[in-house]
Amino acid sequence: MPPLTVLLVDDEPLVRAGLRAVLEAQPDIEVVGEAADGAAVIPLVRQLRPDVVAMDVRMPLMDGIEATRAVLRTVPHPPKIVVVTTFENDEYVYGALRAGADGFLLKRARPAEIVHAVRLVAEGDSLLFPAAVRRLAAAYGENAAADGGNAAARTVLERAALTDREGEVLRLMARGLSNAEIAARLVVGTETVKSHVSSVLAKLGARDRTQAVIAAYESGFVSPG
């Protein structure tokens, strides 16, 4: 099985070196490249085709939010993106998640947490740090109203016309349950849950479960409290 490949993007060389050391200590993970700013991400992603981009949320030329948007807008079959931040309760982090990032990672995280986060984002069958996402939604979700985000999210949920079971699955996704955990909770097979998750994402027009959960919070379908 080929290794999980990662591109590191951070304007601090020591941060990149630390992440590289942690990730490359794993036999199944390979760091394939580094960049010091978001402006360099697109050509590197096109060239290296990483599975995951670990991207600093605050950089001088192009921050992680704009770089995330640029990658998702211009790169076919884009990689998973996890933004790296100093503070978890940061509006920049929520902005990156709204822009399409798959999760976030704290710079002070322990090595095992860093490895777990990269693997979890790559697998895509569970929400990374669901409690923190709930806190971010509570703190900054209302700000989305300034650009019509909440109204747009409500419209998307209404038009999606989720079935009762799909709504139940979305609520469990928002709590951070994996496909296997949802299957156990609903007493159904894992493949059935995967089918429901795929249907929810398709109906919401969401790239992944993180984007679906953000829409669920912003629309009021799920309460962040």
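**A short tour by question**

Visitor: Which side chain does a polar contact of 2.6 Å join to that of Glu166?
Guide: Keep in mind that this is a predicted model. Glu166 sits in helix α8, which runs over residues 164-174. The side-chain partner in that 2.6 Å polar contact is Ser199.

Visitor: And which backbone nitrogen lies 2.9 Å from a polar atom of the Glu166 side chain?
Guide: Leaving out residues up to four places away in sequence, Glu166 touches Ala161, His196, Ser199, Val200 and Lys203. The backbone nitrogen 2.9 Å from a polar atom of its side chain belongs to Thr163.

Visitor: Does Glu166 count as buried or exposed?
Guide: Buried means under 20% relative accessible area. Glu166 has a relative accessibility of 6%, so it counts as buried.

Visitor: Let's hop to α1. How far apart are its end C-alpha atoms?
Guide: Helix α1 covers residues 13-24, which is twelve residues. At 1.5 Å a residue they should span 16 Å. The model agrees, because the end C-alpha atoms are apart by 16 Å.

Visitor: How wide an arc do the buried residues of α1 cover around the axis?
Guide: The buried ones are Val15, Arg16, Leu19, Val22 and Leu23. They are on the same side of α1, because they cover an arc of only 135°.

Visitor: What do those buried residues pack against, and which exposed residues are on the face turned away?
Guide: The buried residues of α1 pack against β1 (4-9), β2 (29-35) and α5 (111-123).

Definitions and conventions: Residues are numbered from 1 along each chain as its sequence is written. This is a predicted model: local features need pLDDT of at least 70, side-chain atom pairs count only at pLDDT 80 or more; totals for chains, interfaces and linings use all residues. Side-chain values use heavy atoms; hydrogens and water are left out. Helices (H or I, at least four residues) and strands (E, at least two) are DSSP runs, numbered from the N terminus. Buried means under 20% relative accessible area, exposed over 50%, partly exposed in between (1.4 Å probe, protein chains only). A polar contact is a pair of N or O atoms within 3.5 Å; within protein, one must be able to donate a hydrogen and the other to accept it, and residues adjacent in sequence count only if both atoms are side-chain atoms. Contact means heavy atoms within 4.5 Å. The expected span of a helix is 1.5 Å times one less than its number of residues. The arc is that of the directions from the helix axis to the C-beta atoms.
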